[in-house]
Amino acid sequence: MSKIKNAFANGKAFIPFITCGYPDIETTENCVREMVANGADLIELGIPFSDPTAEGPVIQEANLKALQAGIDTEKIFDFVKKIRREIKIPLIFMTYANVIFGYGAEKFISTCREIEIDGIILPDLPFEEKEEFLPVCKKFGVDLISMIAPTSENRIAKISKDAEGFLYIVSSLGVTGTRTEIKTDLAPMIKIVRENTKIPCAVGFGISTPEQARNMAKISDGAIVGSAIIKILTKYGKNSAPHVGKFVREMKDALK
């Protein structure tokens, strides 16, 4: 059974994202430690893919550079196995269907269970095709996390009813990336979610400031931030960990 619900047990959850292996796996490890020390409730670990269709230029570039530096799924599994000796908060993978197909679905998801990965997000997996992975995820107790976007419309209720772990609410149309403002009226979407499930929901895509995080958490159960963190990694490279920690603390404090 996953520990994802623990992330939402003590108020609004702050969920940072990091691309594993960018600029190297040691930096990822140091940043994850700093995230936990500064209040992260759940961490999304991105497994790099050559064609990350949901990502904007910031995370796309991080994916490309991590792959060029030699990161692969096996090394990421080893990294998670190592940090799990000390880190107890929920961890989830965010990646793409081809990564799992390439590794072998049963082998990938059973390894997730072994190394205590609590869930998987696959942005390129349509809700209607989730049976491709769902039976294996259920077999090994790994939550297959669904996403709801402004375009989901009449599918929101159905997606919500079948949700596991938490629901990822996509704040804006398009790809990931920091935005100066989030204009989508998410309240009606989240109202439908609340009517159809008790599973928590968190908002991601475009959140980059404490004020944005606070506003999104007012209508949901938490905020997800990725591109703003990757920008810190791009700026500070191997010295990023303390800067990432400071950012996570500011965001978490904004949710209190």
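Which residues is Asn38 in contact with, leaving aside its neighbours within four places in sequence? In this predicted model, the partners of Asn38 are Gly245, Val248, Arg249 and Lys252. Asn38 itself sits in the loop between helix 1 and strand 2 (43–46), and it counts as buried because its relative accessibility is 16%, where buried means under 20%. The points below turn to helix 11 (residues 241–255), and then to other parts of the chain.

**Helix 11 and its surroundings**

- The buried residues of helix 11 are Ala241, Val244, Gly245, Phe247, Val248, Met251, Lys252, Ala254 and Leu255.
- These buried residues pack against strand 1 (13–19), helix 1 (25–37), helix 9, strand 9 (222–225) and helix 10 (227–236).
- An α-helix has 3.6 residues a turn, so residues three or four places apart point the same way.
- Helix 11 has 15 residues, which at 1.5 Å a residue should span 21 Å; the end C-alpha atoms are 21 Å apart, in agreement with that expectation.

**Helix 9 against helix 11**

- The axes of helix 9 (residues 210–219) and helix 11 come within 8 Å and cross at roughly 40°.
- This crossing of helix 9 and helix 11 is right-handed.
- Helix 9 contributes Pro210, Ala213, Arg214 and Ala217 to the contact, while helix 11 contributes Glu250, Met251, Ala254 and Leu255.
- Sorted by class, the contact of helix 9 with helix 11 comprises 6 nonpolar and 2 charged residues, with no polar ones.

**Helix 1 against helix 3**

- The axes of helix 1 and helix 3 (residues 73–83) come within 11 Å, crossing at roughly 35°.
- The crossing of helix 1 and helix 3 is right-handed.
- On the helix 1 side, Ile25, Thr28, Glu29 and Val32 meet Phe79, Lys82 and Ile83 of helix 3.
- The contact of helix 1 with helix 3 has 4 nonpolar, 1 polar and 2 charged residues.

**Cysteines**

- A disulfide is a covalent bond between the sulfur atoms of two cysteines.
- The structure holds 0 disulfides.
- For Cys31, the closest cysteine sulfur belongs to Cys20 and is 11 Å away, which is too far for a bond because a disulfide requires sulfur atoms within 2.5 Å.
- Cys31 is buried, with a relative accessible area of 0%, and Cys201 likewise counts as buried at 0% relative accessibility.

**Ile109 in helix 5**

- Ile109 lies in helix 5 (residues 105–114) and counts as buried, at 0% relative accessibility.
- Not counting residues up to four places away in sequence, Ile109 touches Ile120, Phe133, Val136, Cys137, Phe140 and Val142.
- Ile109 and Ala62 are 47 residues apart along the chain, and their C-alpha atoms are separated by 24 Å.

**Backbone geometry in loops**

- Most residues other than glycine have a negative phi, and most peptide bonds are trans.
- Tyr22 and Pro23 are joined by a cis peptide bond with omega of about -5°; Pro23 lies in the loop between strand 1 and helix 1.
- Glu153 has a positive phi, near 45°. This residue is found in the loop between strand 6 (147–148) and helix 7 (156–161), and it is exposed, with a relative accessible area of 58%.
- Phe205 also has a positive phi, near 80°. Phe205 is found in the loop between strand 8 (201–204) and helix 9, and it is buried, with a relative accessible area of 6%.

Note on methods
Residues are numbered from 1 along each chain as its sequence is written. This is a predicted model: local features need pLDDT of at least 70, side-chain atom pairs count only at pLDDT 80 or more; totals for chains, interfaces and linings use all residues. Side-chain values use heavy atoms; hydrogens and water are left out. Axes are lines fitted to C-alpha atoms, for helices over the stretch in contact, and angles run from 0 to 180 degrees between N-to-C directions. Helices (H or I, at least four residues) and strands (E, at least two) are DSSP runs, numbered from the N terminus. A crossing is left-handed if the near helix is turned anticlockwise from the far one by less than a right angle, and right-handed if clockwise. Contact means heavy atoms within 4.5 Å. Ala, Val, Leu, Ile, Met, Phe, Trp, Tyr, Cys and Pro count as nonpolar, Asp, Glu, Lys and Arg as charged, and the others, Gly among them, as polar. The expected span of a helix is 1.5 Å times one less than its number of residues. Buried means under 20% relative accessible area, exposed over 50%, partly exposed in between (1.4 Å probe, protein chains only).
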